[in-house]
Amino acid sequence: RLVLLQLPFCGDVQKLTIESLQDFCTPEKQEVCDQVIDSMMLPKGVLESDRIPNPAIRSFRKTVVQRAIHPSTKDIIPARGDWFNVPNFDQSALKQFRQTFPIQK
């Protein structure tokens, strides 16, 4: 077999230095981040992989059936269906996050 392995040139490899987050992160800021993450967690059983079809295949098949029944229709069936019931997350945690971490230019 012939395998092509691309190696970087010396100038392509850069040593990145990242400042420590311990100086930036306070317990209050960490708590705000934890609240945002907890508010966006999905409850168990919302997205079950055995019940979720491939959206592209599902949309294609439903569109073919729709066009077979109604040949004059040019609509494309959307990929998401009734299986896509994701609850809205708590917006108050996101508002508190925006206040704690304002956008700086």
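Q: Start with Thr 63. Buried or exposed?
A: Thr 63 is buried. Its relative accessible area is 9%, and the cut-off for buried is under 20%. Keep in mind that this is a predicted model.

Q: Which helix does Thr 63 lie in?
A: Helix H2, residues 55-69.

Q: How far apart are Thr 63 and Lys 74 in space?
A: Their C-alpha atoms are 8.9 Å apart. In sequence, eleven residues separate Thr 63 and Lys 74.

Q: Back to H2. Which of its residues are buried?
A: Thr 63 is one of them, along with Arg 58 and Ser 59.

Q: Where do those buried residues fall, seen down the axis of H2?
A: Within an arc of 125°. They therefore line one face of the helix.

Q: And what is exposed on the other side of H2?
A: Phe 60, Arg 61 and Ala 68 are exposed there.

Q: What should H2 span, given its 15 residues?
A: At 1.5 Å a residue, H2 should span 21 Å. Its end C-alpha atoms are 21 Å apart, so the two values agree.

Q: Zoom out. How many helices and strands are in the protein chain?
A: Three helices and zero strands. From the N terminus on, the order is α-α-α.

Q: How much of the chain is buried?
A: Of its 105 residues, 11% count as buried. The accessible surface of the chain comes to about 10100 Å². Carbon and sulfur atoms hold 57% of that surface.

Q: What share of the contacts comes from residues 24 or more positions apart?
A: They account for 60% of the contacts with a separation of 6 or more.

Q: On to H1. Which residues are buried there?
A: In H1, the buried residues are Val 32, Val 36 and Ser 39. Viewed down the helix axis, they fall within an arc of 75°, so they line one face of H1.

Q: What covers the buried residues of H1?
A: The cover includes helix H3, residues 91-100.

Q: What about the other side of H1: which residues are exposed?
A: Pro 27 and Asp 38 are exposed there.

Q: What span should H1 have for its 13 residues?
A: H1 covers residues 27-39 and should span 18 Å at 1.5 Å a residue. Its end C-alpha atoms are 18 Å apart, so that agrees too.

Q: New topic, rings. How many aromatic pairs does the count come to?
A: One aromatic pair. Phe 97 and Phe 101 form it, with ring centres 4.9 Å apart. Their planes meet at 40°, so the pair is tilted.

Q: How exposed are they? What is the relative accessible area of Phe 97?
A: Phe 97 has 28%, so it is partly exposed. Phe 101 also counts as partly exposed, at 22% relative accessibility.

Q: Where does Phe 24 lie?
A: Phe 24 lies in the segment before H1. It is partly exposed, with a relative accessible area of 47%.

Q: What is Phe 24 in contact with, leaving aside neighbours within four places in sequence?
A: Lys 29 and Phe 101. That Phe 101 is the one whose ring pairs with Phe 97.

Q: Last one. What is the mean pLDDT of the chain?
A: The mean is 78, and 80% of the residues reach 70 or more.

How values were computed
Residues are numbered from 1 along each chain as its sequence is written. This is a predicted model: local features need pLDDT of at least 70, side-chain atom pairs count only at pLDDT 80 or more; totals for chains, interfaces and linings use all residues. Side-chain values use heavy atoms; hydrogens and water are left out. Helices (H or I, at least four residues) and strands (E, at least two) are DSSP runs, numbered from the N terminus. Buried means under 20% relative accessible area, exposed over 50%, partly exposed in between (1.4 Å probe, protein chains only). Contact means heavy atoms within 4.5 Å. Accessible areas come from the Shrake-Rupley method with a 1.4 Å probe; for residues, only the protein chains shown count as cover. The expected span of a helix is 1.5 Å times one less than its number of residues. The arc is that of the directions from the helix axis to the C-beta atoms. Rings of Phe, Tyr and Trp (its six-membered ring) pair if their centres lie within 6.5 Å; planes under 30 degrees apart count as stacked, over 60 as edge-to-face and the rest as tilted. pLDDT is the predictor's confidence in each residue, from 0 to 100.
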